[in-house]
Amino acid sequence: MTDFFQDLKPLQFDPNGGDLCFRHYNPDEMLMGKRMEDHLRFAVAYWHSFAWPGGDPFGGQTFERPWFGETMELARLKADVAFEMFEILNVPFFCWHDADIRPEGSTFAEGRRNFEEIVEYIQSKMESSETRLLWGTANMFSHRRFMAGAATNPDPDVFAWCAATVKLCIDATHKLGGQNYVLWGGREGYETLLNTDLKRERQQAGRFLQMVVEYKHKIGFDGAILVEPKPQEPSKHQYDYDVATVYGFLKEFGLEDEVKMNIEQGHAILAGHSFEHELALASSLGIFGSIDMNRNDYQSGWDTDQFPNNVPEVALAYYEVLKAGGFSTGGTNFDAKLRRQSLDPVDLIAGHAGAMDICARGFKAAVQMLEDGTLESMRADRYSGWNSPEAQQMLGGDLVSAAERVEAEGIDPVPRSGRQEILENIVNRFV
Ligand code: XUL
Ligand code: CO
């Protein structure tokens with residue numbers, strides 16, 4: 001045991017408890033025939049909770065963690081503290097980037113040895129822990145070698161470095177029993193078209209993703225490969241802009257049956273969508289995978305990666321997740337960091353516990369909305385005209401036959417209320 005969390009004990013479910021307990025998240029509560037824990041599949045993000053120093057664009061490190069530093073001993077201490085937090089939170093999953101868990105090293109080979117050693121260490125910790133790996137990923141955006149792109153870099157040596165890195169990270173994800181492998185292309189985009197061969201860069205990105213999928217099959221990794229869309233930041237324009245853009249990209253490279261989406265609330269908003277729009281679209285395209293449940297500040301307009309705190313928003317998101325059939329390999333990852341003034345160990349626990357409770361409340365509301373059925377029956381009723389044989393035949397016909405019906409049958413559409421206010425009032429019964 002480290003002394004980082006001092007006498008903090010594992011949190012319990014207690015609807016009338018004090019500050020450090022779950023008031024709504026009850027892992028064993030049965031909802032729609034499944035335990036709440038198995039529906040929500042919460043994950044802690046190693047990078048924000050254990051690797052992020054608390055900087056913002058105007059100031060550097062605020063957190064002083066005893067494991068900060070680039071040695072293997074400190075990397076092991078970081079893992080020790082991480083697993084202690086997983087136990088305090090009783091969280092079923094965690095996620096990492098390679099860079100979060102190991103010292104960089106001065107060569108690729110040294111970094112690889114550090115990484116493999118720490119993956120062994122994490123594996124040994126997982127033997128006495130309930131917490132599993134939701135996904136692994138590679139950080140191909142922080143180091144200066146990636147400043148002009150990862151797989152989309154004009155320099156083929158960077159492409160090679162990325163191939164070696166992703167191979168290593170998929171191997172480690174596989175070894176640790178990870179359920180997904182994520183690719184988020186923070187530098188896969190451009191700053192100015194004046195120096196960018198956009199066509200070539202997209203081809204490189206497409207081939208790289210094909211290589212990832214080929215490798216997954218080669219080693220028998222049966223987790224899902226997930227792409228995480230984001231429109232911009234850090235790049236001015238990122239190729240994986242949003243779900244619709246990524247779907248077109250997957251189709252172009254024949255990957256639409258191989259790759260699914262990891263959809264982040266904050267990224268959806270940056271792309272000018274709602275979270276539930278991105279979820280519903282991915283579901284309708286058959287590429288829904290997992291979620292990063294972290295929000296941005298609506299005023300600051302950039303990616304602030306905050307823990308969720310809005311039950312109605314979360315409810316509408318889980319409503320779409322449930323309609324998509326819920327999570328299979330995916331889960332709810334808190335890709336969220338504390339505010340930089342939240343210095344204390346207890347803040348880390350409170351941030352996650354509060355987020356888990358918010359999600360539990362939103363999720364229970366979503367279940368009630370679905371079980372109540374009014375929303376779905378009103379939606380179905382809105383489209384009920386399409387159940388008629390004439391309407392169905394029209395879809396199989398052509399413009400001419402549709403046009404002929406208009407005069408032959410005296411068609412004269414009667415506008416009907418969309419009932420938005422009534423629907424919103426119905427949602428308000430549950431949230
Ligand atoms: C960045 C982001 C990443 C990915 C993993 O905005 O969301 O943390 O989730 O690389
Ligand atoms: Co994310």
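Author: This is a predicted model. Start with E409, which sits in the loop between α15 (399–408) and α16 (420–430).

Reader: Is E409 buried, exposed or partly exposed?

Author: Buried means under 20% relative accessible area and exposed means over 50%. With a relative accessible area of 45%, E409 is therefore partly exposed.

Reader: How far is E409 from L270, C-alpha to C-alpha?

Author: The separation is 47 Å, for two residues 139 apart along the chain.

Reader: Now the metal. Which protein atoms are donors of the cobalt ion (ligand 2)?

Author: The protein donors are E228 (OE), E264 (OE), D292 (OD) and D335 (OD), at 1.9 to 2.1 Å from the cobalt ion (ligand 2). Along the chain, the donors are spaced as E-x35-E-x27-D-x42-D.

Reader: What do E228 and D335 tie together?

Author: E228 belongs to the loop between β8 (224–227) and β9 (237–238), and D335 to the loop between β12 (332–334) and α12 (345–372), so this pair ties together parts that are 107 residues apart in sequence.

Reader: Are those two residues buried or exposed?

Author: The cut-off for buried is under 20%. E228 counts as buried because its relative accessibility is 3%, and D335 is buried at a relative accessible area of 8%.

Reader: How do I read the geometry at a metal?

Author: Ideal angles for six octahedral donors are 90 or 180 degrees, against 109.5 degrees for four tetrahedral ones. Here six donor atoms surround the cobalt ion (ligand 2) and subtend angles of 79 to 174°, so the arrangement is octahedral.

Reader: Which residues surround ligand 1?

Author: The shell is formed by W47, H97, W135, F141, W184, E228, K230, E264, H267, D292, D303 and D335. By class, that shell has six charged, four nonpolar and two polar residues.

Reader: How much of ligand 1 does the protein bury?

Author: Taken alone, ligand 1 exposes 290 Å², and the protein buries 95% of that.

Methods
Residues numbered from 1 in each chain as written. Chains lettered and ligands numbered in written order. Predicted model: local features only at pLDDT ≥ 70, side-chain atom pairs only at ≥ 80, totals over all residues. Heavy atoms only, no water. Near = heavy atom within 4 Å. Areas by Shrake-Rupley, 256 points an atom, 1.4 Å probe, with all protein chains shown as cover. Nonpolar A, V, L, I, M, F, W, Y, C, P; charged D, E, K, R; others polar. Donors = N, O, S within 2.8 Å, 3.2 Å for Na, K, Ca; no water. Tetrahedral: all angles 85-135°; square planar, octahedral: opposite > 155°, others 65-115°. Helix = DSSP H or I, 4+ residues; strand = E, 2+ residues; numbered from the N terminus. Buried < 20%, exposed > 50% of the residue type's maximum accessible area, 1.4 Å probe, protein only.
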